[in-house]
Amino acid sequence: MEDSHAKAQLTRRGALATLAAGALGVTAAACSSGGTSSEPKKSTPPPKPSAEITFTPALADGAQPSPTAGFAVSVSKGKLNADVKLTNARGTVVKGALAADGTTYRIAEPLGYGVAYTWSGTAVGDDGKTVPVQGTFTTITPKDQINVVINIADGQEVGIAAPLILKFDAEVTDKKAVERALTVTTTPPTEGSWGWLPEDNGSRVHWRPAEYFAPGTKFSMVGKLYGLDHGDGVYGAADVTSDFTIGRSQIVKADATSFKIDVIRDGSLLMSLPCSYGSGDLDRNVTRSGIHVVSEKHEDFYMSNPAAGYFNVRERWAVRISNNGEFIHANPQTTGVQGSSNVTNGCINLSLENAQRYYETAIYGDPVEVTNTRLQLSQADGDIYDWTFSYAQWKSMSALDGEAPTSSAPATPSDAPQLSGTSTTPSPSARRQPTG
């Protein structure tokens, strides 16, 4: 019995000793460094979203893009959501469209000058994560804006010598940039060129063909001038367009030694009318030789010419052919010498009946070819003297093909006879403000 009790005590002590040893082992393991660091582990940053947003133009600090810069936002490695938009400072959404593949949103209308705009919306990357589309910019504020007036109205039918004239209300110093923005399309194709004329209270550029237009030619011009720097920080106020048609061919052959004018319609003689040209005793009384262009006509108006000593004289059936005061018009006082002598102050005089006959056939842009007088038509006679130049000379007046002139020449000479009163017939060349 004692032996059994002793064995039991020994067994109990051994178990306690084993437990104690185990506890010490645990304590030792907890205190031991075991070759590991006691510093806290650093957390791993979340992965960057895959979608990358790009703005056009770039949203650079201080950048002020042109309002026609071609604004867009695009995403790589993802798609844009339908909430992408561009708004102005008033909260108005600018027209735009999302590409079919969902990667680009483009603005579809010009922006304003000096206006702040905000991009907003979201995109989803290929990894499924959403990223914001956000950014702001302000468009350029021009130092000044420049407007254009065009000589031919949309839909107008004009003669075969009609130039297209763009008259700016200020000086264009970057003529190359402006000329590059003017696109002319003709059907059938017609060779022609822009030519810059001397400054006249603003710049002016004309487009004329190398030779007279073919009858029936369709003419279209588009001028992307809005948002374009015309030089020195002066920007275009609006785009301009012009679409017109060349009518029948009508040429007036005006040989001063013949005392008549021949009106040639589509190559055949339409009428031959006795007339009287300028007397030629003084320079101001010389009908200028050269290709004139019909620019307006009046059934009834009053003319004053202080140099010639007359004021508010009523003239009938008058067709203007230059800005120096030259008209083809009725003058009953010279009917007796029409067909036999030249006695006028420079105009081409017809009888009342013949003047009306010619008046009713004339349209803007018809050429009147005067020959055999001692003075030539020139820029001193103002306005449309485009055909006094050979085509090679004309092309040299392009800012792109040659050197545009910088001198000044008024479109209407200061000593030209003046109209007074109100015309009963609106000018077919009435100027218009561009609608672009």
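Q: In β20, which residue is the bridge partner of methionine 221?
A: Methionine 221 has serine 242 of β20 as its bridge partner. The model is a predicted one, in which local features need pLDDT of at least 70, side-chain atom pairs count only at pLDDT 80 or more, and totals for chains, interfaces and linings use all residues. Residues are numbered from 1 along each chain as its sequence is written, and side-chain values use heavy atoms, with hydrogens and water left out.

Q: How many bridges join β18 to β20, and in which sense do they run?
A: Six bridges join strand β18 (residues 218-223) to β20, and the two run antiparallel. Strands here are DSSP runs of E with at least two residues, helices are runs of H or I with at least four, and both are numbered from the N terminus. Two strands pair if DSSP finds at least two bridges between them.

Q: Which other strand pairs with β20 over two bridges?
A: Strand β13 (residues 157-158) pairs with β20 in the parallel sense over two bridges. Valine 158 has isoleucine 246 in β20 as its bridge partner.

Q: Which residues of β20 are on the covered face, and which on the uncovered one?
A: Strand β20 (residues 240-246) has Val240, Ser242, Phe244 and Ile246 on its covered face. Thr241, Asp243 and Thr245 are on the uncovered face. In a regular strand the side chains alternate between the two faces of the sheet.

Q: Moving on to β21, what does this strand pair with in the antiparallel sense?
A: Strand β21 (residues 250-255) pairs with strand β22 (residues 260-265) over four bridges in the antiparallel sense. Glutamine 250 has arginine 265 in β22 as its bridge partner. The hairpin of β21 and β22 has four residues between the strands, and phenylalanine 259 takes a positive phi near 60 degrees there.

Q: And which strand runs parallel to β21?
A: That is strand β29 (residues 367-371), joined to β21 by four bridges. Lysine 253 stands opposite glutamate 369 in β29.

Q: What is the phi of asparagine 372, and where is this residue found?
A: Asparagine 372 has a positive phi of about 65 degrees although it is not a glycine. This asparagine is in the loop between β29 and α4 (391-395). Asparagine 372 counts as partly exposed because its relative accessible area is 48%; buried means under 20%, exposed over 50%, and partly exposed in between, with a 1.4 Å probe and protein chains only.

Q: What about aspartate 232: buried or exposed?
A: Aspartate 232 counts as exposed because its relative accessibility is 54%. This residue is in the loop between β18 and β19 (234-236), and its phi is near 60 degrees, a positive value in a residue other than glycine.

Q: Which peptide bonds are cis, with proline 57 and proline 188 in mind?
A: A cis bond joins threonine 56 and proline 57, with omega about -10 degrees. Proline 57 lies in the loop between β1 (52-56) and β2 (72-76). The bond from threonine 187 to proline 188 is also cis, with omega near 0 degrees, and proline 188 lies in the loop between β15 (182-187) and β16 (192-197). Most residues other than glycine have a negative phi, and most peptide bonds are trans.

Q: Changing topic, what is the strand order in the open sheet of three strands?
A: The order is β4-β7-β10, with antiparallel pairing. The edge strands are β4 (85-88) and β10 (135-138), each of which pairs on one side only. Four bridges join β7 (residues 116-120) to β10, and tryptophan 119 stands opposite glycine 135 in β10.

Q: Which element gives the most to the lining of the largest pocket?
A: That is β26, with five residues. A pocket is an open set of points on a 1 Å grid over the protein atoms alone, where a 1.4 Å probe fits, with protein on both sides within 12 Å along at least five of seven lines; lining residues have an atom within 4 Å of a point.

Q: How many helices and strands does the protein have?
A: The protein has four helices and 30 strands. Buried residues make up 45% of its 436 residues.
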